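The sequence and the structure are shown first.

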Amino acid sequence: MGDGGQRRRWEYWCVALRFSLLLCFVEQVSAQIRYSIPEEVTEGSVVGNVAKDLGLDVSTLLERRFRIVSGSKDALFQVNQNNGVLYVHKNVDREELCEGNSACLINLKIVVENPLEIHYVGVEVTDVNDNSPSFPEKEQQFDIAEHTSVGTRFQIHAARDPDVGKNSIWAYKVTSNDHFEIDVRQSDEDKIPFLVLKKSLDREKQMKHTLLLTAIDGGIPQRSGTLNVTIVVLDSNDNRPVFSQDTYNVRIQENVGVGTVVIRVNATDADEGSNSEVEFSLGKTLRRKVYDMFELDRLTGDIRVKGEVDFEDTEVYKLDVQASDKGQPPLTVECRVIIKIIDINDNEPDIEVTSLSNLVSEDSKPGTVISLISVSDKDSGINGKVLCSLLGDVPFELKPSFQDNMYSLVTKKPLDRELVSHYDITITATDCGQPPLSTFKILNVQISDVNDNSPEFSQNPIELYLLENNAPGASILSVTATDKDLNENAAISYHVVRGEGTQNDMTSFLNINSDNGLVSALKTFDFETLKTFQFQVVATDSGTPSLSSNVTINVFILDQNDNAPLILYPVSANGSAEGVEEIPRNVNAAGHLVTKVRSYDADIGYNGWLLFSLQEVTDHSLFALDRYTGQIRTLRSFTETDEAEHKLVILVKDNGNVSLSATATVIINVVEPKEAFAASDVKSAVKDEEENSVTFYLIITLMSVSALFIISIIVLIVMQCSKAPVDSSKYLQDVNYDGTLCHSIQYRSGDKRYMLVGPRMSIGSTIVPVSNGNTLVIPDHRRSASGEVSYVHA
């Protein structure tokens, strides 16, 4: 036991040395890391520090979910998330894991997250001499005729040792005797022992020989197994069957039908009679799987398929076929039949999603890894070569990894949740067999929202037409903006941009509901003091960082008939609308201008259009009043019977919906010519002075009105050129009109022109389109989609 323990320790040192050399040559990039351990090591033994070899930060392993995701059979290995060590979790038996003499390699797939990385680790399990050679039976008997030639070989049941390499069968030994010796023939990986007759047998001298065959492996320490060999010496039958070939090779496709003849072996015997009749049988030392898969017709030598042949399970079957005659004793010979299975494309590829992020931010840059895809196919060769692709036009692509059949699903171009909020990505894997087989897998990827859209107003600017004398605190306008984003990124609040306190800044008198955009005025607006003003509303979302946009509201105050006419003349010294006029009695002609009543209305348009009428008159046949100018003229000559004093009450009213009015009283005294001339000299001087003063003010007023009118027309032309009119008629009132020359401007969308309505036109009158009188025609050059006109009645 002392020598055996030293040898085992020496073997462990060799393994450790190979492991160290292997670590020195491990690539630090994306290549696979490989470790080597002997089988049957104790549970908990350290294989290697994977985290250190991969260059991972040990302190982050637990947080990044450092783990083995696949590749380990029955969880033979585990990783320690605290130190990154790969250790043995369960007993590792190389003979149970791997068959044959090839290297026993276990591939592990190790994953860490945040960011997602996948690493491949290979663990090679080396063989130790833990199995002794064994024979399938404890005893084997040979019946050998006494005339058997020297040198005749008899195959002995080969011993089996699950170990590989030098730990497998190394030699056979037989107990010392005079007639037999052992010869070993190498057949592929097996050493087949043969009992060779080195001296002729003599049944009369010895009828039975008993030998002990020992099989020895090459391990340290050596292990052995024994077989009792009994030789019974028979008489006669001195020719054994002979196969047509020592080794038969045949190829069949997998999935062939049960009962299919694979091959027929043929053997002949030179003897006659029963000594030449040959029967066939399968060797007794074959693997159990061979007996389950094939059967042999003992008379014809036909080998037929008995089970389901699958290339992916076993690629090559090796059968030992024996041919025995019916002589006494029977003679037997063996041949080897090698059946190679041809792969057909009978397995669909398999798609495995190692990791999937089903929620992707829309601001992800092209090349962002979404998931790792691995594909596999159980077939081999061209049948196992798999091509992977995506179906449809999606902003994703598959990028192959350095390792075969590994792909990364990455973004190909920028994403926009507002256009497409989720994708059903169909991954197809197709092998290269004939016909090709395919499989599909659908990945659902949701696009998460980021605040990349500013609130938008449907129209900008907005024009608001507001009647004067609105109620304080009442709403005058509702503005609404929309945001294409979601949740907080689409929650919009509103506020008014406050001005700098200038004279025309009305924002201090405006209030807005931050939640619904409802704008209310805190004061009453008066058209006569304020015609128009402008303010801005800002819509801001709740994203981080927040985005905003603004809209400009142009407010036009519309006139209401809230001013009564004001009498300018006649006006008495105490301020009342009364006056006295004198006229000579000798005025003969009708139409003589007696006086003119002058009036002013602060309103504009129809509200400021004044009409004069006689409310009270002493003699209807003597005086007449022009309803438009307010001139009082005589209708006939005075007679001696006409009274000397006449009282006229003139009613002045505007043309508003609810008209307002004022009255003036004119006393006309009819005097004799001499008195008239005397009085007229004094009065004319005073009157001329008054008329000159009134005329001066009227001229200034008319010039101001004309200038403002021209400016207003220019402004309207500029506004019309900058935006298209809406379909509804716009009723725009001039901004600063005073006196009796009142006009209104009306836009008719059907005729695409503005109309200047003069004081001589009645409310219901119509202007003939071909006439240019009192009509300002402005061509409709272009339309704009941003203008909005609002009418608000307080």
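## Overall architecture

The chain contains 5 helices and 53 strands. The model is a predicted one, and every value given below was computed from it. The chain has 794 residues, of which 43% count as buried.

Contacts between residues at least 6 apart in sequence were examined for their span along the chain. Of these, 67% join residues at least 24 apart.

## The largest nonpolar core

As background, nonpolar side chains in soluble globular proteins tend to be buried together. In this chain, the largest nonpolar core comprises 29 residues. The residues with the most contacts inside this core are Phe243, Phe294, Ile303, Leu319, Val321, Val337 and Ile339. At least two residues of the core come from each of the strands β16 (247-253), β17 (261-264), β19 (278-282), β20 (294-296), β21 (302-305), β22 (316-325) and β23 (332-342), and the helix α4 (288-293) likewise supplies at least two. Strand β23 gives the most, with 5 residues.

Ile339 illustrates the packing at residue level. Leaving aside neighbours within four places in sequence, Ile339 is in contact with Val250, Ile252, Val262, Phe294, Glu315, Val316, Tyr317 and Leu319. Apart from this core lies another, of 28 residues, which includes Ile462, Tyr494, Phe533 and Val551.

## Salt bridges

A search of the whole structure finds 19 salt bridges. One of them joins Glu117 to Arg64, with the closest N and O atoms 3.5 Å apart. Glu117 lies in strand β7 (residues 117-126) and Arg64 in the loop between α2 (50-54) and β3 (67-70), so this pair ties together parts that are 53 residues apart in sequence.

Asp619 is partly exposed, with a relative accessible area of 21%, and Arg636 is partly exposed at 24%.

## A network of charged residues

Arg264, Asp297, Asp302 and Arg304 are linked in a network of salt bridges. Within this group, Arg304 forms a salt bridge with Asp297, the closest N and O atoms being 3.9 Å apart. Arg304 has a relative accessibility of 27% and counts as partly exposed. Asp297, with a value of 26%, also counts as partly exposed.

## Glu616 and its contacts

Glu616 is located in strand β45. Its relative accessible area is 42%, which makes Glu616 partly exposed. Which residues does Glu616 touch, not counting those up to four places away in sequence? The contacts are with Lys647, Leu648 and Val649. Glu616 and Leu648 are 32 residues apart in sequence, while their C-alpha atoms are 5.6 Å apart in space.

## Solvent-exposed surface

The chain exposes about 41,100 Å², and carbon and sulfur atoms supply 50% of this area. A nonpolar surface patch of about 250 Å² is made by Leu566, Leu568 and Leu698. Leu568 is placed in strand β41 (residues 566-569). With a relative accessibility of 43%, Leu568 counts as partly exposed.

## Cysteines and disulfides

A disulfide is a covalent bond between the sulfur atoms of two cysteines. How many disulfides does the structure hold? The number is 0.

Key
Residues are numbered from 1 along each chain as its sequence is written. This is a predicted model: local features need pLDDT of at least 70, side-chain atom pairs count only at pLDDT 80 or more; totals for chains, interfaces and linings use all residues. Side-chain values use heavy atoms; hydrogens and water are left out. A salt bridge is a side-chain nitrogen of Lys or Arg within 4 Å of a carboxyl oxygen of Asp or Glu. Helices (H or I, at least four residues) and strands (E, at least two) are DSSP runs, numbered from the N terminus. Buried means under 20% relative accessible area, exposed over 50%, partly exposed in between (1.4 Å probe, protein chains only). Contact means heavy atoms within 4.5 Å. Accessible areas come from the Shrake-Rupley method with a 1.4 Å probe; for residues, only the protein chains shown count as cover. Patches are made of residues with over 30% relative accessible area and no salt bridge: like charges are joined within 9 Å, nonpolar side chains (Val, Leu, Ile, Met, Phe, Trp, Tyr) within 5 Å. A disulfide is a pair of cysteine sulfur atoms within 2.5 Å. A nonpolar core is a set of buried Ala, Val, Leu, Ile, Met, Phe, Trp, Tyr and Cys residues joined through side-chain atoms within 4.5 Å.
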